[in-house]
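Student: Hi! Could you walk me through this protein structure in plain words?
Tutor: Happy to, let's look at it together.

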Amino acid sequence: MSWSRFEAESPALAARVRARFDGHPHHVIATIRTDGSPRVSGTNVEFTTEDGVVQLRIGCMPGAVKAGDLLRNPHYALHSATLDEQLAGGDAKVSGVATLVGSPTESEAHTFVLEIDEASLVEVEGEELGITSWSVADGTRIRRRK
């Protein structure tokens, strides 16, 4: 589902997760290699609006292995940059399926729209860990752990 739909279904969580991705340019994306093992790569994200729909996107340089991974198997997990040990502002994750935009050649950059199936924000709250999550299947849930 688009970022806009995620925002409509869980507006408070979407705003906090977006703030984490907007707060720093460097993040980590996990993709799936040809042998089925995970690959983690650095990436930048951007939020774009097209026909009133907000989308989360990433770009890949020509020949980037993460682009090849996403073309073979579009499943991804994206993790926000952790800026300090206290997790100020939280630690955000989203996952879902990436969709290629356009038809780039092998020598051109690739852009992917990241559809959202799950999202979470983990925050340190005193002596507790606060976990707010959302998924297509379960909606928004809030848990606390000591």
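This is a predicted model: local features need pLDDT of at least 70, side-chain atom pairs count only at pLDDT 80 or more; totals for chains, interfaces and linings use all residues.

Student: Okay, helix H2 first. What span should H2 have, and what are its end C-alpha atoms apart?
Tutor: Helix H2 covers residues 11-22, and at 1.5 Å a residue its twelve residues should span 16 Å; the end C-alpha atoms are 16 Å apart, which agrees. The expected span is 1.5 Å times one less than the number of residues. Helices here are DSSP runs of H or I with at least four residues, strands are runs of E with at least two, and both are numbered from the N terminus.

Student: Which residues of H2 are buried?
Tutor: Leu13, Ala14, Val17, Arg20 and Phe21 are. Seen down the axis of H2, these buried residues fall within an arc of 125°, so they line one face of the helix. The arc is taken from the directions from the helix axis to the C-beta atoms. On the other side of H2, Pro11, Ala12 and Asp22 are exposed. Buried means under 20% relative accessible area, exposed means over 50%, and partly exposed is in between, with a 1.4 Å probe and protein chains only.

Student: Does Asp22 pair up with anything, or rather, what does Asp22 form a salt bridge with?
Tutor: With Arg18, and the closest N and O atoms are 3.2 Å apart. Both residues lie in H2, four residues apart, about one turn of the helix. A salt bridge is a side-chain nitrogen of Lys or Arg within 4 Å of a carboxyl oxygen of Asp or Glu.

Student: Why do such side chains pair?
Tutor: Side chains of opposite charge can pair when their charged atoms come close.

Student: How many salt bridges are there in the whole structure?
Tutor: A search finds eight. One of them joins Asp69 and Arg39, with the closest N and O atoms 2.6 Å apart. That pair links distant parts of the chain, since Asp69 is in helix H3 (residues 65-72) and Arg39 is in strand E2, 30 residues apart.

Student: Are Asp69 and Arg39 buried or exposed?
Tutor: Asp69 is buried, and so is Arg39. Arg39, Asp69 and Arg72 are also linked in a network of salt bridges.

Student: Switching to strands: how many bridges join E1 to E2?
Tutor: Six bridges join E1 to E2 (residues 38-43), and the two run antiparallel. Two strands pair if DSSP finds at least two bridges between them. His27 has Thr43 as its bridge partner in E2. In the hairpin of E1 and E2, five residues sit between the strands, and Gly36 takes a positive phi near 90°.

Student: And which residues are on the covered face of E1?
Tutor: His27, Ile29 and Thr31 make up the covered face of E1 (residues 27-32), while Val28, Ala30 and Ile32 form the uncovered one. E1 also pairs with strand E5 (residues 75-79) in the antiparallel sense over three bridges. There, Ile29 stands opposite Leu78.

Student: Great, thanks!
Tutor: You're welcome!

Definitions and conventions. Residues are numbered from 1 along each chain as its sequence is written. Side-chain values use heavy atoms; hydrogens and water are left out.
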